[in-house]
Amino acid sequence: DPTSLYSVKGIVILDQDGNRIIAKYFDKDAFGTVKEQKAFEKNLFSKTGRNSTSEIVLLDGVTCLYRSSVDLHFYVLGSSRENELILEALLNCLYDSISTVLRKNVEKKTLIDAMDTAMLIIDEICDEGIILETDSTAVVQRCNLKGDDISFSDQTFSQVGQTFIGAAKEQFKWSLLK
Amino acid sequence: VNSTMDSSSEMKREKKDEESGGNPYAKLDVTSVLQECRAFNETPVNARKCCIILTKLFHLVQQGDSIGRTEATAAFFGVTKLWQSKDATLRRLVYLAVKVLSTISDDVIIVTSSLTKDMTGKEDAYRAPAIRALCLITDAAMLQTIERYMKQAIVDRNSAVSSAALVSSIHLMRKAGEVVRRWANEVQEAASADGHMVQFHALALLYQIRSNDRLAVNKLVLKFAKGGMRSPFALCYLIRIAKQLIEEDDQADSSLFQFIDSCLRHKSEMVVYEAASAIVSLPNTSPSELAPAISVLQLFCSSPKPSLRFAAVRTLNKVSVKHPQAVTSCNVDLEKLITDANRSIATLAITTLLKTGAESSVERLMKQISSFVSEISDEFKIVVVEAIRALIARYPRKHTVMLPFLANMLRNDGGFEYKREIVDTLIAIVEENPDARLAGLAQLCEFIEDCEHSALATKVLHLLGREAPKTANPHAYIRFVYNRVILETTQVRAAAVSALAKIGAQCPQLRPSIEGLLTNCLLDSEDEVRDRATFYLSVLDMSPSIVNSLVLDTLQSAPAALEKAAAEYVENGEAHTNKFDLKSVPVCAAPAAKKAKTMLAEEAPSAKEKKSAAGATAAAAERLSLIEGLTNGLGPLFKSSPPIPLTDTVNEYTVHCTKHVFASHVILEFECKNTLNDQLLVNVNVQLEDLEGEWNASRQRPISRLPYNEPASIFVLLPFPESGSVQGVLAATLNFKVKDVDPSTGEPESDDTYDDSYVLEELEISVSDSVQPLAKASFGPAWNALEEGDTVEETFALASVNSIHEAIKKVAALLGLAPCERSDIVPEGKSRHVVMMSGVFRGGYEVLAKANVAIDPSDNSIGLNLMIRSSESTVAEILASAIV
């Protein structure tokens, strides 16, 4: 159905070895099982992991837009009927929102530290396969990330300060997440 | 003490992290995370800690780790405790948790009131996500209680809230469409809101609400087309609706097209591209309408943005089939893209050029391809080979250029898939183009002399068995085939033996020498090879009909059906007094042409498409047998037709009829759907009337209740008339009683009913319903084998067709036969053509037909001479009667 709103099949972030950092799939027909998802990711990474100059590929009937930064690869998977530029707008929004939150240090370590925020961002740009928002300023604002809790790593610093006074065990937990 | 223990376990964890590439989320353990979830119950809530635990939980679900229902429910109850925290991030994660856990936990509806409170509360940041979580867990009945709040949210000034309500409503259309429809006024108001996404979501929902009402949709598009839509997303969607309206109705308002055309001048590339791709895919566009769209795409071909180049070249590739002339103007730009760094773009450009290239430019293009073919991956090479295959189909005369090119590719390095694609292409050339047969076979013979893939060697040997006898000098190929018997693996040797036998069966003059070679094979080291040789040696001297059915023909039964029938035969002791009847096994319909799935394939074939015709019949048989007493004594199902609509799709009631044909009965399945939400239909039956009085229903199974939007089927059993007729036209009327019901609940308003009826379109039972198309691998010998029987021969003048190709398609459809040996391909410019067709008639009778179609150049009238042979002469007569 060309007028279907459900045009996003998935949003995936992989690391430099093609391992999953985040993978959210919306199309349960094409990517019903984790096995299918992983197989697709493997194939996708083999086509796109090394070649960062091209930004779009059609794979198994899925239009894949991608963008990389340091050791991360961001993907938006969409229906091949969807306007490629709309999918690109979504990818840019994903990347820009995360980049804002990570203060332009878009790499695996910082992303893992801000994993909860990253999940909220994805939830805020796409709802069950329908594009919800493509303006990264609005997305960041809606995730209610102002001031101190702009990112996980910042939180970590304040926590570390607290743990100095408080229990030593907390410190280990936060150092784990740095 | 506590802290030391904790730190040691943390150290262990850290060690584990290093193994998983520094990602602590990569190797989470379900049990320990679920244990950590207990922290949700602590007071006061440690927000940071809970955020991490929730994130871990989401990761587990994402990784597909199975969490038991009890554990998930326990975790969910813990999550409900987190509402007391005022931490904003945690609250946002809680909404996400409700959504994530909603499918794996019980009792999620207990958070309804908390979510309702948040959705109507003061905190803007909570309202939007609360609406989305609430709508996900709600059902139609509960939705009514929050209806008032939803209406308010849709028109809320905060665009996040409005979008959340609109998108949730789009999801809800599927489970509670009736409730959502009542919000049309609010949605309409939201469509003129400021927010870009709000406009888009409101427009989409408005369309979904009205999509059953064409006039309303038309009005909607025209209204917004005039202005007021600033959001590029909304405009793209509007273009899509407008395009759909034009596609559905060629009398559509011309201002719809003008609107799409005007979008070509929009400032957003997204909208411009959407408009251009809509225009080029519309049917019946004139060259002047097409030109501006094509020039926009042409411009995009040189954009610095890869996504835009990709979009443009992919659209041009799609159009190139329908409008090759229009795309030719972009050839210069496309040629520049051949060297694009993005290989997807490069490959699309090449294939587009191959599709649009003029016959004269073929040589140049091939030269260009050979300059880079060695540098690209196998996957892209396959795409190129596919394009070459399409090119050969268009310009058969160019085989002199292509064959050496393909042979060269075959000799170079490459994987199995790639080689197979080339071999398939060469085989297609040999089969489709008689002029290229000799050259093609020569290339393939050379290939199997040194071929590392046995699957490809057997494929070529199989082809040699079929095609070599058609050449002037079949004995030239025997050496190539026999060399395989000496040098190859078992699989290939066995295939070579079969190929020898096939050549022997069709060329009597070569039979003695072939029998000599087969005798040599009796000493082979492998059973399979010896058995085949022994079998063929004893069969080759028998009568032509036996040779034909045992050597040249392949098994026609559907393998799954054959297995089932054989198992039933073995189990059923009484049946052993009779011989196993192969004719009672449903035949397998002609395999659908292989749909190539490449990385550039459009949409991956859906599960539905994957099923073959035979699979569909088997599925229908399975379904019918489940209905008690319906198919008793009818024997196996022979064939099921696709569903035929007997009403317009927009009518109050829609009916589709499927004809299930058995040996001497037809079961008509009328699938009925009631699209009126204020009616319940009771005792729905079909009245059939045959004007000739030949067809009479013997039994009928009506639908007792037909509620709104729940399709059900009526079954009517029709015996084939005693006169032996297999055709008929039946007038059909749907009769039923109507009960008025409350649209929101579906409950009847009273016990009153009234009779009503509804006239359906006429239902036609045709000859082709009794015939299963089944292509023969070797038509000639099969035709000769039926020589003893009568040949029914008739001549017709075809008035309603304009070309030979059309005539052949029509005759095959009327007879229900499958064209053999690709004889349905008509070489360009020929004024006469013979097509060979075959199939199986109900009851397992083989039917063959030769249709000689000729066009009279003086007045373009088309004549048809039809010869039909069958093992049963009445069957041949019945088939001839299909053409009137």
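Author: Helices here are DSSP runs of H or I with at least four residues, strands are E runs of at least two, and both are numbered from the N terminus. This is a predicted model, where local features need pLDDT of at least 70, side-chain atom pairs count only at pLDDT 80 or more, and totals for chains, interfaces and linings use all residues. Residues are numbered from 1 along each chain as written, chains are lettered from A and ligands numbered from 1 in written order, and side-chain values use heavy atoms without hydrogens or water.

Reader: What volume does the largest cavity have?

Author: A cavity is a set of points on a 1 Å grid over the protein atoms alone where a 1.4 Å probe fits but cannot get out, and lining residues have an atom within 4 Å of a point. Grid points are joined across faces, edges and corners, and the volume is the space filled by probe spheres set on the points. The lining includes A:Ser4, A:Ile131, B:Phe233 and B:Arg240. The volume comes to about 90 Å³.

Reader: Which residue in S10(B) stands opposite B:Lys737?

Author: Two strands pair if DSSP finds at least two bridges between them. S9(B) and strand S10 (residues 754–759) of chain B pair in the antiparallel sense over six bridges. Opposite B:Lys737 stands B:Asp755.

Terms used:
On a 1 Å grid over the protein atoms alone, a cavity is a set of points where a 1.4 Å probe fits but cannot get out, and a pocket is an open set with protein on both sides within 12 Å along at least five of seven lines; lining residues have an atom within 4 Å of a point.
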